[in-house]
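Here's a quick briefing on the charged side chains in this one. Have a look at the structure first, then we'll go through the pairs and the patch.

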Amino acid sequence: LHVKVGYSTATLVTKEELASGSTYGDVELDGMSVGLYFDGDIGDMAFYRVEGAYNEFDDIKVTGSEVGAAAGKFNTITAELGGVSAKLSLGLQF
């Protein structure tokens, strides 16, 4: 049984421009992942790996730049980024 731990950094680039002229700024994100995997043999030349992982990034909160909007009435987009994954791999070794 093996443990994998990772760190990621990314830039979320927002290129959307709405008809109102509103735009959203880019966001810098940091994330972490934790996973477990197990390798096993299938005979002399084959192997398998079973893997599961959890990934999570910073929460996002971006406010639009609406032209002519009343004070405090800007669009705000929020998101929580994360997920789980599972894999089963088969391979041959020579």
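**Charges at a glance**

Arginine 49 comes out as partly exposed, with 27% relative accessibility. Keep in mind that this is a predicted model. The salt bridge count comes to two, and there's also a negative surface patch to look at.

**Aspartate 39 and arginine 49**
- Arginine 49 forms a salt bridge with aspartate 39, and their closest N and O atoms are 2.7 Å apart.
- Aspartate 39 sits in strand S2 (residues 27-42) and arginine 49 in strand S3, so this pair ties together parts 10 residues apart in sequence.
- Aspartate 39 is partly exposed too, at 33% relative accessibility.

**Lysine 4 and glutamate 51**
- Lysine 4 pairs up with glutamate 51 in a salt bridge, with 2.9 Å between the closest N and O atoms.
- Is glutamate 51 buried or exposed? Glutamate 51 counts as buried, because its relative accessibility of 12% falls under the 20% cut-off.
- Lysine 4, on the other hand, is partly exposed, with a relative accessible area of 37%.

**The negative patch**
- Asp26, Glu28, Asp30, Glu56, Asp58, Asp59 and Glu80 make up a negative surface patch.
- Glutamate 80, one of its members, is found in the loop between strand S5 (76-79) and strand S6 (82-92).
- With a relative accessible area of 71%, glutamate 80 is exposed.

Technical notes:
Residues are numbered from 1 along each chain as its sequence is written. This is a predicted model: local features need pLDDT of at least 70, side-chain atom pairs count only at pLDDT 80 or more; totals for chains, interfaces and linings use all residues. Side-chain values use heavy atoms; hydrogens and water are left out. A salt bridge is a side-chain nitrogen of Lys or Arg within 4 Å of a carboxyl oxygen of Asp or Glu. Buried means under 20% relative accessible area, exposed over 50%, partly exposed in between (1.4 Å probe, protein chains only). Helices (H or I, at least four residues) and strands (E, at least two) are DSSP runs, numbered from the N terminus. Patches are made of residues with over 30% relative accessible area and no salt bridge: like charges are joined within 9 Å, nonpolar side chains (Val, Leu, Ile, Met, Phe, Trp, Tyr) within 5 Å. Accessible areas come from the Shrake-Rupley method with a 1.4 Å probe; for residues, only the protein chains shown count as cover. Lys and Arg count as positive and Asp and Glu as negative; His and the chain ends are not counted. The place of a charge is taken as NZ of Lys, CZ of Arg, CG of Asp or CD of Glu.
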